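Here is a two-chain model to question. Each label below is checked against its rule.

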Amino acid sequence: MIGGLFIYNHKGEVLISRVYRDDIGRNAVDAFRVNVIHARQQVRSPVTNIARTSFFHVKRSNIWLAAVTKQNVNAAMVFEFLYKMCDVMAAYFGKISEENIKNNFVLIYELLDEILDFGYPQNSETGALKTFITQQGIKSQTKEEQSQITSQVTGQIGWRREGIKYRRNELFLDVLESVNLLMSPQGQVLSAHVSGRVVMKSYLSGMPECKFGMNDKIVIEKQGKGTADETSKSGKQSIAIDDCTFHQCVRLSKFDSERSISFIPPDGEFELMRYRTTKDIILPFRVIPLVREVGRTKLEVKVVIKSNFKPSLLAQKIEVRIPTPLNTSGVQVICMKGKAKYKASENAIVWKIKRMAGMKESQISAEIELLPTNDKKKWARPPISMNFEVWQKRSLDPWRVC
Amino acid sequence: RGRSRLPVGSPMQDLIPGPQDHSLNLKQMLESNKDSAKLDAMKRIVGMIAKGKNASELFPAVVKNVASKNIEIKKLVYVYLVRYAEEQQDLALLSISTFQRALKDPNQLIRASALRVLSSIRVPIIVPIMMLAIKEASADLSPYVRKNAAHAIQKLYSLDPEQKEMLIEVIEKLLKDKSTLVAGSVVMAFEEVCPDRIDLIHKNYRKLCNLLVDVEEWGQVVIIHMLTRYARTQFVSPWKEDDGLEDNEKNFYESDDEQKEKTDQKKKPYAMDPDHRLLIRNTKPLLQSRNAAVVMAVAQLYWHISPKSEVGIISKSLVRLLRSNREVQYIVLQNIATMSIQRKGMFEPYLKSFYVRSTDPTMIKILKLEILTNLANEANISTLLREFQTYVKSQDKQFAAATIQTIGRCATNISEVTDTCLSGLVCLLSNRDEIVVAESVVVIKKLLQMQPAQHGEIIKHMAKLLDSITVPVARASILWLIGENCERVPKIAPDVLRKMAKSFTNEDDLVKLQILNLGAKLYLTNSKQTKLLTQYILNLGKYDQNYDIRDRTRFIRQLIVPNEKSGALSKYAKKIFLAQKPAPLLESPFKDRDHFQLGTLSHTLNTKAIGYLELSNWPEVAPDPSVRNVEVIELINQCTKYSNTLLSRNQKCLQWGRLGPHCSVVGHLPWLRS
């Protein structure tokens, strides 16, 4: 299993080193620095094997996290663990940066001790961890508190402790969807899917058993069987969900047999499920970019967005991000609607529109002045990204919570 | 007085960052009466450890605090102990009695963490104490303590492998445990200590299958891997019959015919063992897990043990993992690449999911290309080629080059499109980008080699390129191609040689070797025009700086230029040089990876990692399935045993008395008294 875990800054200085197993020598720390961090080439593979020792590495902003092993592990598990580890750290002290890591040495060391035992990943639910690994200095715990911790850590339900009480029982639910789209340079849609997340904030007392139902508009495809017939039977309105994943609190066996999502929620915010649909996706917006290079020092960019949904709906907080070349020296922007600004630090023009109704069109044009460079490499034209919110009044439809 | 006993001459001492009084200061803080000062000192010390600095000289001062009432301090002392106990074994013994006391604490959390730290202290003397503690804990009433006992097993085993037999007994006991908390941990211990004792699993097999859904995610991964191995030794192959089925459904096996014959030979109806079915059925819901590792583990289980007709259901889940972070994507794509070679059908419906995005890192792009190539067939090749056209234009040159290689592979695999691909590649020869041109040249060379048909035009075109292209591999490829086909382009070849003779000294070594080659071939076929030229080149080669080239020159001269010393071989020079050469096989680099269990590190690296456990072949005849039967009588036995353990717990507590002497050690050391 995992033999050791190292954290480096971008220069390759060791911030944290924790070795769990004998087969990992203390020189492994340096081997990774020399061969990967200092190699300065593009990372070819996230698993680097140096002298029969494998380094699984992940880079978060400027920080390298490397898990070392000599044994035959499940490769996906190590990465999954590293990302969990990042999540846990982020939950404790926010952004993962050199500064934050240096300020939280002791905490990280304690965490590492807890979530990896002899190299085996352990319970890494932040909710549970936070009850007994705390940042506040000396905190004398009452007997009652201690027994609460015990029951959570040692219990079968690692994500919730007993005896939670709220004066008002509340449950919030957000459905966040993002549309992923792959388009050919000719503007033809190659593939599109919607991936959604159901995020819950639960403030419920005791050990509530929740059930999350779906109305008949939603068809979750039974694996191995086609949905074609079902979809056609239930009429046009149906939304076919291709596949979904659940938080570990959801009883998977029940879902498999009864198609119902039942669970005991963790306290606070968590992601209940993720799902994906690929069928009948109507793209809410079309973005049409036009880029013209005028000589070597000037670019003309024109972007048109068209909203493609019902006129009765309203899209809000639209933000379009148009990347600019690295050698941009100045930008002039004219837009019909909203506000646009060139942000040099992000290398992008950010165009914000407060709201926009369906079946409308808006346009921005920009002149970008470039500094002449010797760099022969052409600008790669990274994709334009766009964010927006559409609020629907019937927000719980098509989901129903009981 | 006590301080003088410190190991002053320790070699690491000069590495300590602060001046000497810095650590003195820490020591004073540790000896103070206030918990806050102690805690502060401990935090600084752990900070030093985390940075990899040596804090070993503080050991005596730290160890005294192990009995501290303050949990925060205690935790940090534990961290310190685990790191340094091995280096200062004698002093570490001082702490043992504290742990022994903690092992009897009424709070299960404290019992468990005491066991955890005790087993992490790598001091050989305490092996018997550890052994006893593990045995004790494995019968604890709290599943959490039992879980920690399972972890301790592996630690003790790595400290002293001679304890194996005793530890196996404990594993056997814990395997019978019904708690989901314990299941994952004990299987981990099993995998590490005695993976070959498959007989221990029999009785627990059904229970493990049933518990699986409720085990925590990391434990699920380990259990699934173990059960995959188990299934391969205990059940007969479900594959043969299904292959017959799939033949009707138009499958993509290379060895269809062979397999059909096999089915004919063995017409015995196959009935799947209900236990085999149980495993397959109970792992299915886990495909919905949020943890990529679990999904990957289930996918490999299906791949390795389920009937071929059922493997299909994993593809959707795997494709879903392509939306997670790039490292997981990398692992998943590698596995899909291996699977897609054997079973194209599984991933064909998801072809578009493997389309490359401009934001993908290069490593992901290249793996996706690999999969697209594996999935290419007559039906989808035209769409794919259109997609490839876009890729060739990519700014990422490494990726563009890989795409061209891919086009070459598609061209050889699918004969319908060979000509289209070839003409497409020829068009690329006039591309502005040199790397693209060079790669196309290399691929065209391979393609032409495979089809020795008349392609004079292309060769002429390429000969023209020699004037402009500078990438050595491409130049070498063109020269080789002209040499090989010199009789098809009788007018051009000598002229190319003439130009090359002029630039010989400035060429790359790789190109020089090919010039020599071309010279030799022309000398043999068209000596009238090229004799002088070749001799000139051979002379240049003779005095080249590179010994490879000098060596080759000497060899070629002896072989082709007839003189009195030349051996018997020179008669056959023409046959040697212009022999029919086998075409290179353009194969997937993932072709030979399928013998590794999917999802493992060994598969990713394509070499055996330490501790890789081979998946055995299906047995011809299934071993006795009744070994998995759990008899009711035994259940009753277990119940009585359990109540017995409760009774004996009290007795065992008495045994702790025997370990007492270590407690008294504390009193004997003078510096602890002060």
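**Interface and rings**

The contact between the chains takes 87 residues from chain B and 89 residues from chain A. The model is predicted.

Q: What makes a residue count towards this contact?
A: Its heavy atoms must lie within 4.5 Å of the other chain. By that rule, 87 residues of chain B and 89 residues of chain A take part.

Q: How much area is buried between chain B and chain A, and which atoms give 54% of it?
A: The buried area is about 7900 Å². Carbon and sulfur atoms give 54% of that area. B:W218, B:Q288 and B:R290 supply 11% of what chain B buries against chain A, more than any other three residues.

Q: Why is the pair B:K155 and A:D117 called a salt bridge?
A: The closest N and O atoms are 2.9 Å apart. The cut-off is 4 Å, so the pair qualifies. Across the interface of chain B and chain A, the rule finds six salt bridges.

Q: Which element gives the largest share of the side of chain B that touches chain A?
A: Helix 2 (residues 35-50) of chain B does, with eight residues.

Q: How many aromatic pairs does the ring rule give over all chains?
A: The count comes to 20.

Q: Why is the pair A:F263 and A:F270 called edge-to-face?
A: The ring centres are 6.5 Å apart and the planes stand at 65°.

Q: How do you know whether A:F263 and A:F270 are buried or exposed?
A: The relative accessible area is 1% for A:F263 and 6% for A:F270. Buried means under 20%, so both residues are buried.

Q: What makes A:F285 and A:F309 an aromatic pair, and which parts does the pair tie together?
A: The rings are 5.5 Å apart centre to centre, with 80° between the planes, and the pair is edge-to-face. A:F285 lies in strand 16 (residues 285-294) of chain A, and A:F309 in the loop between strand 17 (298-307) and strand 18 (314-323) of chain A, so the pair ties together parts 24 residues apart in sequence. A:F285 is buried at 9% relative accessible area, and A:F309 is buried at 11%.

Q: How do you know that a charge sits over the ring of B:Y205?
A: The charged end of B:R628 is 5.6 Å from the ring centre. The distance limit is 6 Å. B:K445 lies over the face of B:W480, at 5.1 Å from the ring centre.

Definitions and conventions
Residues are numbered from 1 along each chain as its sequence is written. Chains are lettered from A and ligands numbered from 1 in the order in which they are written. This is a predicted model: local features need pLDDT of at least 70, side-chain atom pairs count only at pLDDT 80 or more; totals for chains, interfaces and linings use all residues. Side-chain values use heavy atoms; hydrogens and water are left out. Rings of Phe, Tyr and Trp (its six-membered ring) pair if their centres lie within 6.5 Å; planes under 30 degrees apart count as stacked, over 60 as edge-to-face and the rest as tilted. Buried means under 20% relative accessible area, exposed over 50%, partly exposed in between (1.4 Å probe, protein chains only). Helices (H or I, at least four residues) and strands (E, at least two) are DSSP runs, numbered from the N terminus. A charge sits over a ring if NZ of Lys or CZ of Arg is within 6 Å of the ring centre and within 35 degrees of the ring normal. Buried area is the accessible area (1.4 Å probe) that two parts lose on being put together, summed over both. A salt bridge is a side-chain nitrogen of Lys or Arg within 4 Å of a carboxyl oxygen of Asp or Glu.
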